[in-house]
Amino acid sequence: MQKYRSLLVFLLIVLGGGLLIGYATLPGAWYAALVKPTFNPPNWVFGPVWSLLYILIAIAGWRTWRLQPGGGAMRAWAAQLVLNFLWSPTFFGARMMGLAVVVILLLLATILLFIARVRDRDRLSAWLFVPYAAWVAFATLLNASLLWLN
């Protein structure tokens, strides 16, 4: 039972934090007025995708914490979460698309570092991060395209 309480804590921190930041930095009129690339998804896609990804991120973090709470994989997991939570305030809040590209590139690198550090010890946690890496790679292209077009 205790181990599932810790999973709940991870879910609350990751999913709760992500949703809170998402609501605090809603795209708004500024984003709506930007010229968007043809591959820009409709706005309604982002909420469900991020909610699912946050659940996967939380599970991978919880599994990693249970195996090696002070290890390099856990530090990479924590770093990616900080960068993840920093991107929306940078892009939507501060409207600094160039700095947001830097943040998201660091985020993608940290996600890949986490996968590399955890894959031999916990393949499931590594695989849980693969959709996240793919989505952030797409979001990086989207962010860079928005910067270029605007």
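**Entry 1**

I note here that the model is predicted.

I next checked α4 itself, which runs over residues 72-93. I found 22 residues in α4 and a reach of 31 Å from the first C-alpha to the last, close to the 32 Å expected at 1.5 Å a residue.

**Entry 1: aromatic pairs**

I recorded a count of 17 aromatic pairs. Among them is the pair of Y31 and F91, which is edge-to-face, with 6.3 Å centre to centre and 65° between the planes. This pair links distant parts of the chain: Y31 belongs to helix α2 (residues 28-32) and F91 to helix α4, 60 residues apart. I looked up the accessibility of both: F91 is buried with a relative accessible area of 1%, and Y31 counts as buried at 4%.

F91 also forms a pair with W87, and that pair is stacked, at 4.8 Å centre to centre and 15° between the planes. I then returned to Y31 and found K36 over the face of its ring, 4.5 Å from the ring centre. I also noted a cluster in which ring pairs link W50, Y54, F85, F114, F129 and Y132.

Which residue just after α4 takes a positive phi? I found R95, with a phi of about 60°. R95 is a residue other than glycine, and I marked the value since most residues other than glycine have a negative phi. R95 is placed in the loop between α4 and α5. I list R95 as partly exposed, because its relative accessible area is 49% and exposed would require over 50%.

M96 lies in the loop between α4 and α5 (97-118) as well. At 41% relative accessibility, M96 counts as partly exposed.

**Entry 2: surface patch**

Which residues make the nonpolar surface patch of about 340 Å²? I identified M96, L99, V102 and L106.

Terms used:
Residues numbered from 1 in each chain as written. Predicted model: local features only at pLDDT ≥ 70, side-chain atom pairs only at ≥ 80, totals over all residues. Heavy atoms only, no water. Patch = residues over 30% accessible without salt bridge, like charges linked within 9 Å, V, L, I, M, F, W, Y side chains within 5 Å. Areas by Shrake-Rupley, 256 points an atom, 1.4 Å probe, with all protein chains shown as cover. Salt bridge = Lys/Arg side-chain N within 4 Å of Asp/Glu carboxyl O. Helix = DSSP H or I, 4+ residues; strand = E, 2+ residues; numbered from the N terminus. Buried < 20%, exposed > 50% of the residue type's maximum accessible area, 1.4 Å probe, protein only. Expected span 1.5 Å × (residues − 1). Phe/Tyr/Trp six-rings, centres within 6.5 Å; stacked < 30°, edge-to-face > 60°. Lys NZ or Arg CZ within 6 Å of the ring centre and 35° of its normal.
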